[in-house]
Protein chains: 2
Amino acid sequence: MKSIRQIFLQHSALQMTTADSDSSSSLRRALKLLRILAEGDPDGLRLKDIAEAAGCSQPTAHRMLQDLAAEGFAEQAAGKRYRLALDFYVLAARAGQASGLREAARPALLRLSATLSDTIFLLVRNGFDAVCLDRVEGPFPIRSFTGDIGGRVPLGLGQGSLAILANLPEDEQEAVIRFNIPRLLDRGFLDEASLRSALAQARAQGWVNTSTGLIPGMAGVGVPVLDAQGRAVAALSVGTLAERLNADRLPHVVKILQGEAKALAGKLNPFDVALRYPSRSLSTIGGS
Amino acid sequence: MKSIRQIFLQHSALQMTTADSDSSSSLRRALKLLRILAEGDPDGLRLKDIAEAAGCSQPTAHRMLQDLAAEGFAEQAAGKRYRLALDFYVLAARAGQASGLREAARPALLRLSATLSDTIFLLVRNGFDAVCLDRVEGPFPIRSFTGDIGGRVPLGLGQGSLAILANLPEDEQEAVIRFNIPRLLDRGFLDEASLRSALAQARAQGWVNTSTGLIPGMAGVGVPVLDAQGRAVAALSVGTLAERLNADRLPHVVKILQGEAKALAGKLNPFDVALRYPSRSLSTIGGS
DNA sequence: ATCGTGAATTCCGATATCCTGAATTTATCT
DNA sequence: AGATAAATTCAGGATATCGGAATTCACGAT
């Protein structure tokens with residue numbers, strides 16, 4: 001059985017508290033600048049603040065930003081402020097296309113939104129999290145754990161996220177659970193026993209209902225998107241008002257979701273999320 | 001009048017054949033790797049091919065890719081292939097509000113899509129290209145020059161793209177035309193005379209109709225989004241089936257589009273797409 | 001199933017690049 | 001306008017980078 005560390009390595013590309021964060025390589029430092037820009041004020045950041053946030057000298061930050069600008073990843077708005085530039089977003093749009101899932105799922109999302117008149121989410125697994133890859137708004141205002149596109153939640157929190165976790169291979173599921181329990185408790189989630197019973201139920205019935213919803217007045221349904229080996233690679237979910245998921249409508253919603261999930265799975269023949277990271281990372285993480 | 005080179009410098013962040021492509025800085029070279037990954041197969045590229053495309057040795061490419069992966073911008077899929085990682089997408093999505101324009105335009109796109117039941121595009125100018133910044137699908141399947149979000153077309157090709165070009169300042173327009181003519185011809189587009197007359201008409205009437213559509217059965221309308229100085233910073237366009245843009249409906253569509261474009265322009269007071277690039281770039285490009 | 005080819009990764013010395021500090025220019029605030 | 005603070009440029013010393021060679025690894029063929 002895989003260890004937590006192995007699972008972690010398989011998905012080490014998380015911006016988590018890896019504690020190796022300060023480490024070297026000028027490239028790494030430059031890339032951190034991009035992250036600083038992304039997380040900073042949309043109108044741009046001052047060079048001084050960027051340098052401080054990056055922990056490097058002002059001339060160094062300046063030179064790197066000039067390079068980033070020359071390549072179209074950053075730009076200088078009025079007032080000398082630096083911010084991300086268009087090319088960055090353009091490239092990022094392609095990054096989401098990995099395996100074409102987003103593209104493949106978009107028609108389904110639109111159909112679901114049109115049919116159900118609710119907000120639809122497309123989630124994918126990424127390490128120990130579920131990431132919102134796409135989302136189509138419905139007419140009702142929704143609060144959800146999974147915020148907007150790009151939002152992350154620990155696997156297990158929220159219907160779609162739980163649907164994914166419930167359909168991972170046994171050993172990975174176990175590792176994720178152990179890793180995520182503290183994170184879930186931090187967010188006021190149920191205890192481990194409740195999680196395990198919810199997972200068992202989710203796996204058995206093939207979908208996750210509103211019972212795990214922790215936001216008052218909100219409810220949702222999530223179904224997994226399975227690959228050829230029956231492993232969850234994504235989830236479709238609906239978020240809506242609790243009153244809109246009564247006993248009458250629920251079966252209908254589940255059925256439609258499952259139909260789309262199955263059709264989507266059919267389009268994903270060569271979908272392979274298994275990553276292998278070099279053993280060098282082991283020492284990096286293990287040694288810190 | 002500005003020279004082509006000057007215009008080019010203002011928007012030098014193009015992945016074109018700048019001939020400065022080989023130039024210095026390890027950061028720039030690393031960022032080019034990201035571009036290579038973005039343009040390559042979504043399922044990933046082999047290290048050898050990446051190294052070749054980047055014009056550097058295999059070990060060098062390897063080390064840079066490891067750094068990119070460690071920062072979450074790239075990842076290794078099964079089979080050792082490298083591709084852009086999800087974090088890249090997530091980062092941009094979170095910062096997405098940064099662009100302002102996209103955020104500001106989204107309600108308009110949704111309204112247009114709902115009202116017209118067609119696919120709506122938001123294009124912005126970037127150098128010699130128009131870039132699709134956002135897009136809302138309609139119920140009809142559409143083929144367009146401007147592919148999905150992030151797609152580029154030479155300015156002048158397509159309704160929205162032409163609408164932007166038609167409303168650039170005289171000298172820039174001229175420079176773009178000269179630069180783009182060969183590119184347009186390559187793609188089976190009309191000759192220079194036709195382009196110029198189309199531009200004149202577009203500028204005069206304030207919108208671009210389907211007459212420039214080169215895809216059989218498809219049609220569209222584009223209107224420019226003008227800044228305070230009357231320069232085009234973006235375009236809204238509709239793409240649909242030719243039969244859905246008959247003489248009855250066309251004026252209606254144009255009117256609605258123009259209304260949204262005008263409202264959008266009003267929200268863009270502090271929107272400043274003019275970029276200033278350091279004079280250092282001048283010598284870089286001029287000297288090669 | 002084993003072998004052979006080609007790719008991916010690691011190692012290491014030379015060297016080009018990057019970083020820190022100081023000086024200059026430019027912007028911002030009172 | 002003057003003063004202050006930031007942004008940018010400049011130069012020398014230190015270091016991380018680069019590419020060739022060797023090794024390990026993955027994959028296709030016999």
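At what angle do the axes of helix H6 (residues 101-116) of chain B and helix H10 (residues 249-266) of chain B cross? In this predicted model, the two axes come within 10 Å and cross at roughly 165°. Since angles over 145 degrees count as roughly antiparallel, H6(B) and H10(B) are therefore roughly antiparallel to each other. The crossing of the two helices is right-handed. On the side of H6(B), the contact involves B:Ala104, B:Ala105, B:Ala108, B:Arg111, B:Leu112, B:Thr115 and B:Leu116; H10(B) contributes B:Val253, B:Ile256, B:Glu260, B:Ala263 and B:Leu264. By class, nine residues of this contact are nonpolar, one is polar and two are charged.

Chain A comprises 288 residues, of which 49% are buried. Its secondary structure consists of 11 helices and seven strands. Among contacts in chain A between residues at least 6 apart in sequence, 60% link residues at least 24 apart. A:Ala108, located in helix H6 (residues 101-116) of chain A, was examined individually. This residue counts as buried because 22 C-beta neighbours lie inside 10 Å, the threshold being 20 or more. When residues up to four places away in sequence are not counted, A:Ala108 touches A:Glu260, A:Ala263 and A:Leu264. A further pairing is that of A:Ala108 with A:Leu257: the two are 149 residues apart in sequence, and their C-alpha atoms are 9.2 Å apart in space.

The surroundings of the two DNA strands were then considered. DNA strand D is surrounded by 22 residues, the closest being A:Arg46, A:Leu47, A:Lys48, B:Ser26 and B:Thr60. Two or more residues of this surface are given by each of helix H2 (26-39), helix H3 (47-54) and helix H4 (58-70) of chain A, and by each of helix H2 (26-39) and helix H4 (58-70) of chain B. The largest share, four residues, comes from H4(B). The surface near DNA strand D has seven nonpolar, nine polar and six charged residues.

Around DNA strand C there are 21 residues, and those that come nearest are A:Ser57, B:Arg46, B:Leu47, B:Lys48 and B:Pro59. For the surface near DNA strand C, at least two residues are supplied by each of H2 and H4 of chain A and by each of H2, helix H3 (47-54) and H4 of chain B. Its residues divide into six nonpolar, nine polar and six charged.

Technical notes:
Residues numbered from 1 in each chain as written. Chains lettered and ligands numbered in written order. Predicted model: local features only at pLDDT ≥ 70, side-chain atom pairs only at ≥ 80, totals over all residues. Near = placed C-beta within 6 Å. Nonpolar A, V, L, I, M, F, W, Y, C, P; charged D, E, K, R; others polar. Axes fitted to C-alpha atoms, helices over the stretch in contact; angles between N-to-C directions. Parallel < 35°, antiparallel > 145°, perpendicular 65-115°, else oblique. Left-handed = near helix turned anticlockwise from the far one by under 90°. Contact = placed C-beta atoms within 7 Å. Buried ≥ 20, exposed ≤ 12 C-beta atoms within 10 Å, placed from the backbone.
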